[in-house]
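Biologist: I have a structure open and would like to go through it with you. Can we take it piece by piece?

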Amino acid sequence: MESALDPHAALALLEWQVELGVTEAIGDAPVDRYALADTAPRLDRAAVVASTAPAVPQKAPAMDPVQEARKAAASATALPSLRQALAEFDDCELKKGARNLVFADGMPGSRVMIIGEAPGRDEDREGRPFVGRAGQLLDRMLAAIGLDRQKNVYITNVLPWRPPQNRDPLPLEIGMMKPFLERHVALAQPQVLVLMGNISCDAVLGKRGITRLRGQWTQAMNLPVMPMFHPAYLLRQPQMKRQAWADLLELKAKLREQ
């Protein structure tokens, strides 16, 4: 049956319905909304959250500072390039608070290589190991057995940067610097190593107890090693200089044998 409404009457009726507040057109046949609920597509909540969540940047894998130190040390083919590798090594926090890199002093290629602990205030300021009061005492000790850092002794430290307030180096710091120290010894090619103090014994021998270790020859890095009291300790405990003198005589005798 065709509608009896002409277009003009239908339009007038529609406008009248809009004025009454009608906002939605409804079809001729009723719709069962309850029936539609079971067939409506369900949203995957996890997918929605994943799609709307902001992207989280992926963290780069943590770098192993000891492994990085090994790579940097191994790349050095001579003492100058080893010094450069240390200067460019940024994984050790001590570098940020130090004034200077304290690499070495003395004569490269000497038969005797002395390994101290870490730079102090004077060493940090001048960029050379053993230049303060302890260094002056060391020079007198060496001179007593005919050695001189300017002629036949080469000197370095376990750490090239000064720890804050001259505190003892941390195990992580020693571990980071050990690859550089091992490479330093390999490139310097000494015949004898002298370890001054507990920290150097820890780094080279893996043990502490300088009062027990001193004066006894041992082996490390394929070299004869003599642990001795650090000159700074002798300044605080001058009564121990007798034992230090005995250790120096042992060193002198070893050099005569070689």
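Modeller: Start with Leu-159, which sits in the loop between S3 and H9. Keep in mind that this is a predicted model.

Biologist: Is Leu-159 buried or exposed?

Modeller: Leu-159 is buried, because its relative accessible area is 0% and buried means under 20%.

Biologist: Which residues is Leu-159 in contact with, leaving aside neighbours within four places in sequence?

Modeller: Leu-159 is in contact with Leu-94, Glu-117, Ala-118, Pro-119, Pro-169, Glu-173, Ile-174 and Met-177. As for distance in space, the C-alpha atoms of Leu-159 and Ile-115 are 9.8 Å apart, while in sequence these two residues are 44 residues apart.

Biologist: How far is the C-alpha of Arg-167 from that of Gly-120?

Modeller: The separation is 9.7 Å, and the two residues are 47 residues apart along the chain.

Biologist: What is the phi of Gln-165?

Modeller: Gln-165 has a positive phi of about 55 degrees, although this residue is not a glycine. Gln-165 lies in the loop between S3 and H9, and it counts as exposed because its relative accessibility is 73%.

Biologist: What about the phi of Asn-222?

Modeller: Asn-222 is not a glycine either, and its phi is positive, near 65 degrees. Its place is the loop between strand S5 (218–220) and strand S6 (223–228). With a relative accessible area of 74%, Asn-222 is exposed.

Biologist: New topic, cavities. How many are there of 30 Å³ or more?

Modeller: The count is one cavity of 30 Å³ or more. The largest cavity has a volume of about 80 Å³.

Biologist: Which elements give two or more residues to its lining?

Modeller: Strand S3 (153–157) and helix H9 (171–188) do. H9 provides the largest share of the lining, four residues.

Biologist: Which residues line the largest cavity?

Modeller: The lining includes Leu-86, Val-102, Phe-103, Met-177, Phe-180 and His-184. By class, the lining of the largest cavity has eight nonpolar residues, three polar and no charged.

Biologist: Now aromatics. How many aromatic pairs are in the whole structure?

Modeller: The search finds two aromatic pairs. In one of them, the rings of Phe-89 and Phe-180 have their centres 5.2 Å apart and their planes at 70 degrees, so the pair is edge-to-face.

Biologist: Why does that pair tie together parts that are 91 residues apart in sequence?

Modeller: Because Phe-89 lies in the loop between helix H5 (79–87) and helix H6 (94–97), whereas Phe-180 is in helix H9.

Biologist: Are Phe-89 and Phe-180 buried or exposed?

Modeller: Phe-89 counts as buried at 5% relative accessibility, and Phe-180 counts as buried at 3%. Phe-180 is also one of the residues that line the largest cavity.

Biologist: On to pockets. How much space lies in the largest pocket?

Modeller: The largest pocket holds about 770 Å³ of space. Its lining has 29 residues, and Glu-117, Ala-118, His-230, Ala-232 and Arg-236 lie nearest its centre.

Biologist: Last topic, the whole chain. How many helices and strands does the protein chain have?

Modeller: The secondary structure comes to 13 helices and six strands. The protein chain has 258 residues, and 38% of them count as buried.

Biologist: And what share of the contacts with a separation of 6 or more is between residues 24 or more positions apart?

Modeller: Those residues account for 72% of such contacts in the protein chain.

Note on methods: Residues are numbered from 1 along each chain as its sequence is written. This is a predicted model: local features need pLDDT of at least 70, side-chain atom pairs count only at pLDDT 80 or more; totals for chains, interfaces and linings use all residues. Side-chain values use heavy atoms; hydrogens and water are left out. On a 1 Å grid over the protein atoms alone, a cavity is a set of points where a 1.4 Å probe fits but cannot get out, and a pocket is an open set with protein on both sides within 12 Å along at least five of seven lines; lining residues have an atom within 4 Å of a point. Grid points are joined across faces, edges and corners, and a volume is the space filled by probe spheres set on the points. Ala, Val, Leu, Ile, Met, Phe, Trp, Tyr, Cys and Pro count as nonpolar, Asp, Glu, Lys and Arg as charged, and the others, Gly among them, as polar. Buried means under 20% relative accessible area, exposed over 50%, partly exposed in between (1.4 Å probe, protein chains only). Contact means heavy atoms within 4.5 Å. Rings of Phe, Tyr and Trp (its six-membered ring) pair if their centres lie within 6.5 Å; planes under 30 degrees apart count as stacked, over 60 as edge-to-face and the rest as tilted.
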